[in-house]
Amino acid sequence: MSAAKGRIGAMPLLDRVRTGQVVVGPFCHGPGEPAASVEWWQQPCIAFTTFGSWEVRSRRGKGEVTPSAVLVSEGGEHDCRHPGGVDDRMLCVLYLGDIDPGPMLLVPQRPALHLLRKSLVAELRAADPDRGEVEALSLALLDMVREAPGSSPGPGKRSRALVGRLRAEADARYREPGLDLVAQALALGMTRTRFVHVFRDVVGVTPHRYVVELRVSHAARLLRRTPVAVTDICFDSGFGTMSSFYAAFRGAYGMTPSAYRAGPGAPAAAHFS
């Protein structure tokens with residue numbers, strides 16, 4: 001946040017992942033930045049302070065942003081102060097388009113929110129982060145910060161039934177590259193952010209991750225049990241590109257598909273495909 005006090009500057013961000021809906025990456029201060037500044041944030045944003053603390057004031061309210069308090073900004077002008085020194089670091093999720101971040105400026109980082117953040121950080125640390133998973137986790141974060149602590153008893157009967165229906169759909173159709181559970185949820189009357197949040201609540205992973213894991217497991221079975229070429233296995237398992245297949249497989253098994261195939265128990269003919 002480099003603007004001098006009394007001036008307005010744009011909030012800089014080091015992009016790690018950019019999708020059609022979010023921009024996610026770290027933010028840290030440069031040397032010599034002022035301890036008080038006025039910033040203009042162009043998009044709604046969720047910011048996790050990973051080190052240090054600072055004070056913020058905007059038309060939504062004021063308070064201290066710490067590792068236990070998550071900032072939820074609607075965008076616009078913010079008065080930022082760093083009485084303890086300009087040494088805080090943040091992980092920021094910027095939301096593109098017209099979205100509602102909810103009414104609260106600061107949200108306690110309760111356990112469920114902390115777990116979502118950990119999942120997001122783990123994905124960002126991958127050599128080739130899965131953009132779809134980063135987007136899904138970011139949308140789940142957005143839905144969660146809209147809720148006041150203790151206001152949600154968990155998914156209701158109707159939401160669980162919808163998740164069960166679409167989970168069964170994924171189980172049956174994961175080999176189709178065009179499978180889009182979010183689009184189906186929208187057609188059934190549930191918003192994108194709410195569906196991702198509820199699906200993760202019920203199943204334990206985002207809809208995107210669930211489909212990817214089904215595809216990876218199918219690919220692993222084919223690699224071990226058949227001599228089918230790796231390229232054919234990629235597309236037969238529902239992956240749209242070889243690069244996405246390799247990234248997902250390495251993330252799940254810690255090795256390439258070829259290395260997995262060459263391991264103990266692989267069919268002899270597979271070594272020549």
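This is a predicted model: local features need pLDDT of at least 70, side-chain atom pairs count only at pLDDT 80 or more; totals for chains, interfaces and linings use all residues.
Residues are numbered from 1 along each chain as its sequence is written.

**Exercise 1. Find how many helices and strands the protein chain has, and what share of its residues is buried.**

Step 1: Helices (H or I, at least four residues) and strands (E, at least two) are DSSP runs, numbered from the N terminus. The protein chain comes to nine helices and eleven strands.

Step 2: Buried means under 20% relative accessible area, exposed over 50%, and partly exposed in between (1.4 Å probe, protein chains only). Of the 273 residues in the protein chain, 47% are buried.

**Exercise 2. Work out whether R209 is buried or exposed, and what its side chain contacts.**

Step 1: Locate R209 in helix α6, residues 207-225.

Step 2: R209 has 16% relative accessibility, so R209 counts as buried.

Step 3: List what R209 touches (contact means heavy atoms within 4.5 Å). Leaving aside residues up to four places away in sequence, these are E123, D130 and E133.

Step 4: Look for a polar contact, a pair of N or O atoms within 3.5 Å; within protein, one must be able to donate a hydrogen and the other to accept it, and residues adjacent in sequence count only if both atoms are side-chain atoms. The side chains of R209 and E123 make one at 3.0 Å.

**Exercise 3. Describe how strand β10 is covered and paired.**

Step 1: Strand β10 spans residues 89-95, and six of its seven residues are buried.

Step 2: Two strands pair if DSSP finds at least two bridges between them. Strand β3 (residues 22-28) runs antiparallel to β10, with seven bridges joining them. Here F27 stands opposite M90 of β10.

Step 3: Strand β5 (residues 45-51) also pairs with β10 in the antiparallel sense, over six bridges. F51 has R89 in β10 as its bridge partner.

**Exercise 4. Decide how helices α3 and α5 are oriented to each other.**

Step 1: Axes are lines fitted to C-alpha atoms, for helices over the stretch in contact, with angles from 0 to 180 degrees between N-to-C directions. Those of α3 (residues 157-173) and α5 (residues 192-203) come within 10 Å and cross at roughly 80°.

Step 2: Angles under 35 degrees count as roughly parallel, over 145 as roughly antiparallel, 65 to 115 as roughly perpendicular and the rest as oblique. Therefore α3 is roughly perpendicular to α5.

Definitions and conventions. Side-chain values use heavy atoms; hydrogens and water are left out. Contact means heavy atoms within 4.5 Å.
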